[in-house]
Amino acid sequence: MSDQTITDLAQNNGRHLLVAVDGSENSKRAVIFVAHFFLDVKDAFITILSIIPEPSEDYFATDSERSKWIAEKKAEMQDILAEYKEILRGAGYRDEQIDIRLVIRQCESIADAILEEQEKIRSAIVVVGRRGLTHNEEFMFGSTSNKILHQAKNCAVLVVE
């Protein structure tokens, strides 16, 4: 589905949800939560988004190794996204209510990339799973869900544990 079509739907009904996933169990729980919590919202539109951070040019010894890694990550994530789409379909959502986005891009922050996608498609709600970092890990490495929660604009944020 094109960005413009998604934007039109979001603006028309205000019930556009962006579910940012990474293949973790917490991401799966976020999809299951959305599938059941918003099921009675008949005109809901759900975009399931996954972002694969593109490794820098010097991360791999050769371009072919880099390309192979990207292809493997893409195939792995496409399988997971297909599973998540089936969860939504199994809950009663129609294909035209579900958009799957797999973005491969350079990014310093996954949270920033998610928020950029949210701005593009103008979703009313961003849903993320909480990774379950300890307080020390969160302090050292940061938290994607925490950053989204504090930096999101013009949308609600749901963090599913």
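**A parallel sheet and a salt-bridge network**

At 12% relative accessibility, R101 counts as buried. That makes a handy way into this predicted model, since R101 pairs up with D99 in a salt bridge whose closest N and O atoms are 3.3 Å apart. D99 is buried too, at 6% relative accessibility.

**The network around R101**
- D99 and R101 belong to a salt-bridge network that also takes in E117 and K120.
- E117 and K120 form a salt bridge, with 3.1 Å between the closest N and O atoms.
- These two, E117 and K120, sit three residues apart in helix 4 (residues 110-121), or about one helical turn.
- E117 is buried at 3% relative accessibility, while K120 comes out partly exposed at 47%.

- The whole structure has twelve salt bridges, and one of them joins E83 and K28 at 2.9 Å, N to O.
- E83 is in helix 3 (residues 63-91) and K28 in helix 2, so this pair ties together parts 55 residues apart in sequence.
- Both ends are partly exposed: E83 has a relative accessible area of 35%, and K28 has 25%.

- Five strands make an open, parallel sheet, ordered 3-2-1-4-5.
- Strand 3 (98-105) and strand 5 (156-160) are the edges; each has a single partner strand, so one side of each has no neighbour in the sheet.
- On average, neighbouring strands are turned by 20° against each other, direction ignored.
- Strand 4 (residues 125-129) runs parallel to strand 5 and is joined to it by five bridges; V126 has V157 as its bridge partner there.
- Helix 2 (residues 25-37) lies across strands 1, 2, 4 and 5, at about 160° to strand 1.

Conventions: Residues are numbered from 1 along each chain as its sequence is written. This is a predicted model: local features need pLDDT of at least 70, side-chain atom pairs count only at pLDDT 80 or more; totals for chains, interfaces and linings use all residues. Side-chain values use heavy atoms; hydrogens and water are left out. Two strands pair if DSSP finds at least two bridges between them. Helices (H or I, at least four residues) and strands (E, at least two) are DSSP runs, numbered from the N terminus. Axes are lines fitted to C-alpha atoms, for helices over the stretch in contact, and angles run from 0 to 180 degrees between N-to-C directions. Contact means heavy atoms within 4.5 Å. A salt bridge is a side-chain nitrogen of Lys or Arg within 4 Å of a carboxyl oxygen of Asp or Glu. Buried means under 20% relative accessible area, exposed over 50%, partly exposed in between (1.4 Å probe, protein chains only).
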